[in-house]
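Here are my notes on the structure you sent. Please read them with the model open beside you.

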Amino acid sequence: MCDQPNPNGGACGFCDACVQSSLFSHPDVHFAFPISGGDGEGASSKTSDQYLPEFRTYLKTNPFPMFKNWISSISAQKKVLQIGVKESSAVLNKLSLKSHSGKYKILVLWLPEKLSSAAANKLLKTIEEPNEKTVLLLITHDLSGVLPTIISRCLVFSIPPLGGKQVERWLNKERNVAPDTARVLSKMSCGDPGLALDYLENRENLKVFAEAFVSSMKISFKKDFQGLHLWVEELGSWGRGQTQEYFTFSSTVISEIAKYKSMGSGEVIFDWFPEISFKTEGFSKLLKYSYLPMFMSVFDEGKIDIGRNLNPKIVLFDAGIRMMEIF
Ligand SMILES: [Zn+2]
């Protein structure tokens, strides 16, 4: 989009087009993303345009956007967010207009896995054969959730996480995070900067996970059924996304503790929560290597079952019983 690109083709960063792009307000760059109220065709149904100011603010404060943070930034925790058929009509309309600059038109469609099937079908022809000088960028966080008819019309590029060391440096430099904390966060996020940032900004949410993990291990080790019921009641009131995230968190913690056991040292999440009573070293002695695959399958299956809309309390209770059997 740059008006005066460098000899190597890179953007200058200073021209009007670059400044507009950096503010997400270039007239030839269009955004479509999941919103609440985007599920119908009627006049009351909304499109991304109505949420554009919030979306721009969100992107400016968070360079590594995650869906759940977008949901909370528009206070839509209890709503279903999707990209509806009215959005597809709006997109087709925008792409049919002449570009302002006479150069390329770009559509950034964030999270095609949230397209309703009617909305997706409406876009198929354009995705397959966009107009001249038109680029469609579909950014997914879950390729398996994108309709195969869309994937087959796209060139798929996989963008790997930045990696642990880079995330550590980024947190340290851009967010002034102390080196020890940056190390824990980069490990816990497996080198995913969006997740590391999310953990950093929502320490309290992560603390809830860390506490639930410690409880679950104590309950399982002691085969404490009453404790299990209380644990299920508490976690059963969480949202599905949060519960799935908790299972992912638990897998990461268990593997970090296993690494600690094999190396005799290392950072684990509990270093960041001295207020939680948990002795990593003591627990690592109880954790036999043969337990690891069993824990992993409990967490993986729990996450899948929650995604399949099973009753969270039943899934959690089942996970608790299976963990008791491991020790
Ligand atoms: Zn420029």
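The numbered points below go from the whole chain to single residues.

1. Overall make-up. This is a predicted model. The protein chain contains 15 helices and five strands. Its C-alpha atoms fill a box of roughly 70 × 45 × 35 Å along the principal axes. The chain has 327 residues, and 29% of them count as buried.

2. Domains and contacts. The domain assignment divides out domain 1 (16-151) and domain 2 (202-326). Taken over C-alpha atoms, the centres of domain 1 and domain 2 are 36 Å apart. For contacts between residues at least 6 apart in sequence, 68% join residues at least 24 apart.

3. Three strands form an open sheet in the order 1-4-5, and their pairing is parallel. Which strands lie at the edges? They are strand 1 and strand 5 (134-139), each of which pairs on one side only. With direction ignored, neighbouring strands of this sheet are turned by 15° against each other on average.

4. Strand 1 and its partner. Strand 1 (residues 29-32) runs parallel to strand 4 (residues 105-110), and four bridges join them. Phe31 has Val108 of strand 4 as its bridge partner, and Ala32 stands opposite Leu109 in strand 4. The side chains of strand 1 alternate: His30 and Ala32 point to one face and are buried.

5. The largest nonpolar core. This core has 39 residues, and Leu185, Ala196, Val253 and Ile269 have the most contacts inside it. Among the elements that give it two or more residues are helix 7 (164-175), helix 8 (179-188), helix 9 (193-201), helix 10 (203-222) and helix 12 (240-263). A second, separate core of 20 residues includes Phe55, Leu111, Leu115 and Leu136. In soluble globular proteins, nonpolar side chains tend to be buried together.

6. Ile269. What does Ile269 touch, leaving out residues up to four places away in sequence? The residues are Val184, Met188, Ala210, Val253 and Glu256. Val253 is also listed with Ile269 among the residues that have the most contacts inside the largest core.

7. Helix 9. The buried residues here are Pro193, Leu195, Ala196, Leu197, Asp198 and Tyr199. Their cover includes helix 3 (67-73), helix 7, helix 8 and helix 10.

8. Pro53. This residue lies in helix 2 (residues 52-61). Is Pro53 buried or exposed? Pro53 is exposed, because it has 9 other C-beta atoms within 10 Å, and a residue with 12 or fewer counts as exposed. Pro53 and Phe33 are 20 residues apart in sequence, and their C-alpha atoms are 13 Å apart in space.

9. Lys133 sits in the loop between helix 5 (117-128) and strand 5. Its phi is near 50°, a positive value in a residue other than glycine. Lys133 is partly exposed, because 13 other C-beta atoms lie within 10 Å. Cys190 belongs to the loop between helix 8 and helix 9. The phi of Cys190 is near 50°, again positive in a residue other than glycine. Cys190 has 15 C-beta neighbours inside 10 Å, so it counts as partly exposed.

Notes. Residues numbered from 1 in each chain as written. Predicted model: local features only at pLDDT ≥ 70, side-chain atom pairs only at ≥ 80, totals over all residues. Pairing = 2+ DSSP bridges. Domains from an automatic or database assignment. Core = buried A, V, L, I, M, F, W, Y, C linked by C-beta atoms within 7 Å. Contact = placed C-beta atoms within 7 Å. Axes fitted to C-alpha atoms, helices over the stretch in contact; angles between N-to-C directions.
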